[in-house]
Amino acid sequence: LSSLDEASRELLAALLHLLRLICANCPVNKMDAMNAARVIASNVAWPADGNPSADMIKQLENSHTAFAFLIEHYQDLIQNGRHFFDGLAIARPRPPFAVLEAKYFGGQNSLTAVCVAQPVEVADEEPIVNEAATSAYRSPFERFWIADDKGTLQVWNAQEMVKVREIAGERRVNSLLAVGSTLWSGTISGIQIRQAEDGELIKELPTPGYNLVRVGAWLWSTLWK
């Protein structure tokens with residue numbers, strides 16, 4: 001590890017941090033540190049020319065235990081006990097907007113869009129502050145929405161982590177965008193405008209929505225042709 005340059009060291013730390021988060025949800029995904037090591041270790045150590053020697057292949061088979069140890073102890077070995085995003089070059093010149101800390105929902109369909117909505121109203125003297133070095137987190141939003149490839153929309157309470165509503169759909173949801181107290185959902189067949197708080201349908205537009213973006217007071221939607 002000491003022979004790695006700064007960029008390689010931080011890239012390895014990023015990979016190990018992601019793997020540790022995945023392994024933290026082993027009861028859901030069945031991926032513990034050893035299983036993750038079996039999947040990833042060979043990819044990390046594979047030679048650039050794509051032609052490993054027989055001796056190297058044998059060494060790779062024995063590297064799983066070592067890589068699993070890295071996953072479990074990378075903060076002490078690489079980060080000196082720090083949180084992954086504390087002081088890293090990739091966090092400069094600004095810190096990351098979002099950090100995945102835990103997976104709390106498991107499903108059979110692939111998620112295609114995620115969106116936070118309804119900022120929490122707080123007094124000026126009581127701003128929401130979250131420390132980067134702790135996993136304790138208070139969301140600055142009241143709701144967040146997720147959508148999948150089957151068209152299902154879910155509205156979640158971001159403060160209590162409970163589902164508010166599930167809405168069945170027929171088309172893959174391509175994009176979600178919060179606009180004030182509303183939530184815009186784009187599919188290949190049209191755009192739906194719903195109440196961000198409870199998912200109540202307000203209006204349907206026949207224009208396909210592949211990617212929804214706010215530009216000032218306007219909302220732009222890309223089209224595929």
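**Hairpin, sheet and helix contacts in a predicted model**

Strand 2 and strand 3 make a hairpin, with four residues between them, and G151 in the turn has a positive phi of about 95 degrees. This is a predicted model, in which local features need pLDDT of at least 70, side-chain atom pairs count only at pLDDT 80 or more, and totals for chains, interfaces and linings use all residues. Residues are numbered from 1 along each chain as its sequence is written, and side-chain values use heavy atoms, with hydrogens and water left out. Helices (H or I, at least four residues) and strands (E, at least two) are DSSP runs, numbered from the N terminus.

Strand 2 (residues 141-148) and strand 3 (residues 153-157) run antiparallel and are joined by five bridges; two strands count as paired if DSSP finds at least two bridges between them. Across this pairing, F144 stands opposite W156 in strand 3. Six of the eight residues of strand 2 are buried, so this strand is largely enclosed by the rest of the structure. Here, buried means under 20% relative accessible area, exposed means over 50%, and partly exposed is in between (1.4 Å probe, protein chains only). N157 lies in strand 3 and is buried too, with a relative accessible area of 12%. Neighbours within four places in sequence aside, N157 is in contact (heavy atoms within 4.5 Å) with E142, R143, F144, V162 and V164.

Strand 5 pairs with strand 6 (residues 182-187) in the antiparallel sense over six bridges, and S175 stands opposite G186 in strand 6. In general, strands of a sheet pair through backbone hydrogen bonds, either parallel or antiparallel.

Both S175 and G186 turn up again among the contacts of L212. This residue lies in strand 9 (residues 212-215) and is buried, with a relative accessible area of 5%. Leaving out neighbours within four places in sequence, L212 also touches L177, W184, S185, I191, L219, W220 and S221. L212 and N174 are 38 residues apart in sequence, and their C-alpha atoms are 8.8 Å apart in space.

Now for the helices. Helix 1 (residues 6-23) and helix 5 (residues 64-77) have axes that come within 9 Å and cross at roughly 110 degrees. Axes are lines fitted to C-alpha atoms, for helices over the stretch in contact, and angles run from 0 to 180 degrees between N-to-C directions. Helix 1 and helix 5 are therefore roughly perpendicular to each other (65 to 115 degrees; under 35 is roughly parallel, over 145 roughly antiparallel and the rest oblique). On the helix 1 side, R9, A13, L15, L16, H17, L19, R20 and C23 meet F67, L70, I71, E72, Y74, Q75 and L77 in helix 5. The residues of this contact divide into 10 nonpolar, two polar and three charged. Ala, Val, Leu, Ile, Met, Phe, Trp, Tyr, Cys and Pro count as nonpolar, Asp, Glu, Lys and Arg as charged, and the others, Gly among them, as polar.

Helix 1 also packs against helix 3 (residues 33-45), where the axes come within 10 Å and cross at roughly 155 degrees. Helix 1 and helix 3 are therefore roughly antiparallel to each other. L15, L19 and C23 of helix 1 make this contact with A33, A36, I40 and V44 of helix 3. By class, the contact has seven nonpolar, no polar and no charged residues.
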